[in-house]
Amino acid sequence: MAAGRALRRLLAVLLLLQPGAAVWPQPQVQLSPPGGGRCLLPPARFRFGHAAGSAVGPGCTVLEAAFQRYRALLFAAARPSENGPVPFTGVPPQALPCTQLLVFVATPDCDGFPNLDSKESYKLSVSEGSLLLSADAVWGALRGLETFSQLIGRDQNGTYYINKTEIMDFPRFPHRGLLLDTSRHYLPLGAILETLDVMAYNKFNVFHWHIVDDPSFPYESSTFPELSKQGAFNAMSHVYTAGDVQTVIEHARLRGIRVIVEFDTPGHTLSWGPGAPGLLTPCYSGKHPSGTYGPINPILNSTYQFVTSLFQEVSSVFPDFFLHLGGDEVDFTCWKSNPEIHAFMKQMGFGDDYRNLESFYIQRLLDIVSSLGKGSILWQEVFDNGVKLRPDSIIHVWKNSKPYMDEMADVTKAGYQALLSTPWYLNRISYGQDWMAAYQVEPLNFKGSAEQKDLVIGGEACMWGEYVDVTNLTPRLWPRAGAVAERLWSNASVRNLQDAYARLAAFRCQLLGRGVQAQPLYVGYCENEFGGF
């Protein structure tokens, strides 16, 4: 802890020194010597390469794919003639050509998946005719390549260059997520893949896939194929096949992004009912069934056989250690109306407190998931309702029924790790620059010990789908989600709104240049508007 505080004090001092070119999110330390000159980047000759002694070399799929992506991004505007042999002669000493970025990675793992403990730190050095990126792991190298790409400029003559710069960077929080809801509106595969691309530009590292919910069940299950056949909006066109899911997982892996899927139970499961008869609770009107259904029926053994089989499949399909189990907004009305549940409550000694029944279900679910070798993330109601949780459960804070910082204090005081989303529901929009409110959030601004604050592992921006589909997803997300990205990556002292506006506006222009339909922050223009005009 003392070493960590000393490092933070050092960073605070370094941040006061001469800043370099704008990067989003802002690096922990970025120094450029005054009048330090620049390196020219000849498109025809520029290469990415592996530094001597690197534990990762040619054949690393993560880096080779990244080299291809970033070469295309760096020189997308280059004229065809610039991609042929171009002699560099008569270059002044202060503008030496840099023809190769060497990448050094200290550890050899290149075939695995990122996880909560993945190392994302990197160092980038741009000096006299030399470019070096070093990282502990390939995931840090990916973050460094994104930073490098944002530092590239082009002068009025069309010459590519990068200013001399020294950067030392690492994330403030290990979990920096974005939630997409694909149940309320189906999002085509291409839209998800594009979102993953832009997440990587922002150094997000978790895709929280809220894949199913009450309105529709688009996940094609090999174990229970009727779930999507009966529960999707359209069982032919509005589903995610096994191939689609693997495409998303691999696309994310190559960008250092974890995919955490959410199957929310026992509520939010109405779309499950048609494909799984007997799973949901029959609601009653007086002494007779009303013909409607409520949450999953927690009193039947068949329920837990179904849940076990489904999560066995989900655990094998999604490689991340964590599953998001939901647990939010369980409406007890239907349970209260059902006479069989009444009898079960009496038999179990639960009284009239249906939170006891909820706890009964959640505890069995947690045991099932744990037996499959997975960890659990749950929405805050599960904690609020006093459900007995496993010590390694992560609580996801989203409500505002009481100040969310009080909730963060309560969760961490109880010894649980916490994620924050309450102030980052980006589906809620307002006139003006609402990104500023998201940017000004401080996740650790609650009363609690240093040990409590160490239990905050990050947060997520959420894009719920009631009013969002493929037509407005991208402009509603970007660049607004970038405010959350910087809050979760950069030093806590990075808070100046004027500086953030200038950098975020410039970053938005870069997104347009990369083909991302990011909405404007305010009045102004970009040199390259969306669509290339």
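**Salt bridges and a helix pair**

User: What relative accessible area does R172 have?
Analyst: This is a predicted model, where local features need pLDDT of at least 70 and side-chain atom pairs count only at pLDDT 80 or more, while totals for chains, interfaces and linings use all residues. Residues are numbered from 1 along each chain as its sequence is written, and side-chain values use heavy atoms, leaving out hydrogens and water. On the scale used here, buried is under 20% relative accessible area, exposed is over 50%, and partly exposed is in between (1.4 Å probe, protein chains only). R172 falls in the partly exposed class, at 24%.

User: Which residue meets the side chain of R172 in a salt bridge?
Analyst: A salt bridge here needs a side-chain nitrogen of Lys or Arg within 4 Å of a carboxyl oxygen of Asp or Glu. For R172 the N to O distance is 2.8 Å, and the partner is E442.

User: How many residues apart are R172 and E442?
Analyst: Helices (H or I, at least four residues) and strands (E, at least two) are DSSP runs, numbered from the N terminus. R172 sits in the loop between β9 (165-169) and β10 (175-181), and E442 in the loop between α13 (435-439) and α14 (450-454).

User: Which helix holds both E250 and R253?
Analyst: These two form a salt bridge, with the closest N and O atoms 3.0 Å apart. E250 is partly exposed at 31%, while R253 is buried at 5%. They're three residues apart, about one turn of the helix, and that helix is α6 (residues 242-253).

User: At roughly what angle do the axes of α4 and α6 cross?
Analyst: Axes are lines fitted to C-alpha atoms, for helices over the stretch in contact (heavy atoms within 4.5 Å), with angles from 0 to 180 degrees between N-to-C directions. The axes of α4 (residues 189-201) and α6 come within 10 Å and cross at roughly 10°.

User: How many residues of the contact of α4 with α6 are nonpolar?
Analyst: The contact includes L189 and I192 of α4 and V248 and A252 of α6. Ala, Val, Leu, Ile, Met, Phe, Trp, Tyr, Cys and Pro count as nonpolar, Asp, Glu, Lys and Arg as charged, and the others, Gly among them, as polar. Two are polar, two are charged, and the nonpolar count is six.
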